[in-house]
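The entries follow in the order I made them.

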Amino acid sequence: MKLVLFDIDGTLLDSGKQPRRAFSEALVEVYGEAGAIDTYSFSGRTDPRIMLDLLLGAGRSRAEVLARLPEARDAYLDRLDALLERERMRLLPGLPALLDALAARADIALGLLTGNFERGARIKLSRFGIEGYFPFGSYGDDQFDRDDLPPVALERAHAVTGRRFDPADALIVGDSLLDISCARAHGLKCLVVSTGWTSAEELAAAQPDWLVDDLTRVTGHEAFAEDERMLPPEDLPADRSP
């Protein structure tokens with residue numbers, strides 16, 4: 001069985017600048033400032049890492065930022081839920097058709113690997129009614145850095161499905177350099193799309209396992225190939241030699 005873990009922003013959907021506004025207002029409320037939020041790159045970073053980086057860059061101490069981080073998280077999530085308008089968002093190409101196709105397969109388990117706080121992930125996905133495809137995942141609530149999220153996702157997958165997934169049986173689908181690095185750090189495969197904020201040239205230079213323009217027409221892509229171990233013997237090819 002294959003475990004497929006999707007990123008959200010830039011991979012499944014684009015919320016525009018709405019989350020950045022919610023971040024800015026929440027940080028100003030809690031800390032009195034939002035740091036260099038207009039120029040900071042959110043791409044691939046976890047929500048708590050974004051908050052920490054912005055406030056450390058503004059001269060706040062790590063201890064001060066961490067002490068009020070739960071308050072800042074809640075202020076951000078409340079604003080995100082209130083501000084996020086579907087009309088100013090878009091579901092990215094190939095969706096939800098790809099999710100429908102993967103969810104229908106008995107040999108695939110779907111989950112999330114995202115830097116969003118879990119509640120924020122659900123808020124964004126709910127605007128398009130696709131949260132139900134993902135019964136588990138690893139989130140910004142779990143770790144500060146994306147490289148530490150894959151082991152959490154593997155454990156959550158086991159808890160929900162009852163199956164132990166080897167890293168070699170797991171695939172991350174994302175759009176950033178950090179998606180590639182976190183997959184490589186733990187021996188997972190990675191398929192990246194150039195629908196986010198990183199150019200195809202930059203993504204290619206990081207040598208992901210696969211790079212595609214978008215998620216249109218990738219249902220039959222080798223990244224999602226059926227595992228022959230899941231097929232009954234009579235369905236196996238008679239000769240698999242080169």
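Entry on a charge over a ring. I looked at Arg 20 and found that it lies over the face of Phe 42, at 4.2 Å from the ring centre. I note here that the model is a predicted one.

Entry on ring pairs. I looked up the aromatic pairs, and the structure holds 6 of them. I picked Phe 23 and Phe 42, whose ring centres are 5.3 Å apart. Their planes are at 85° to each other, and the pair is edge-to-face because an angle over 60 degrees counts as such.

I then asked which parts of the chain this pair links. Phe 23 belongs to helix H1, residues 18-31, whereas Phe 42 sits in the loop between H1 and helix H2, residues 47-57. The two residues are 19 apart, and the pair links distant parts of the chain.

Is Phe 23 buried or exposed? I read a relative accessible area of 1% for Phe 23, so it is buried.

I also wrote down one aromatic cluster. Phe 23 and Phe 42 are in it, together with Tyr 40, Tyr 76 and Phe 117.

Entry on cysteines. How many disulfides does the structure hold? I found 0. Cys 182 is in no disulfide, and the nearest cysteine sulfur to its own is that of Cys 190, 6.9 Å away.

I checked accessibility last. Cys 182 has 0% relative accessibility and counts as buried. Cys 190 is at 1% and counts as buried.

Notes. Residues are numbered from 1 along each chain as its sequence is written. This is a predicted model: local features need pLDDT of at least 70, side-chain atom pairs count only at pLDDT 80 or more; totals for chains, interfaces and linings use all residues. Side-chain values use heavy atoms; hydrogens and water are left out. Rings of Phe, Tyr and Trp (its six-membered ring) pair if their centres lie within 6.5 Å; planes under 30 degrees apart count as stacked, over 60 as edge-to-face and the rest as tilted. Helices (H or I, at least four residues) and strands (E, at least two) are DSSP runs, numbered from the N terminus. Buried means under 20% relative accessible area, exposed over 50%, partly exposed in between (1.4 Å probe, protein chains only). A charge sits over a ring if NZ of Lys or CZ of Arg is within 6 Å of the ring centre and within 35 degrees of the ring normal. A disulfide is a pair of cysteine sulfur atoms within 2.5 Å.
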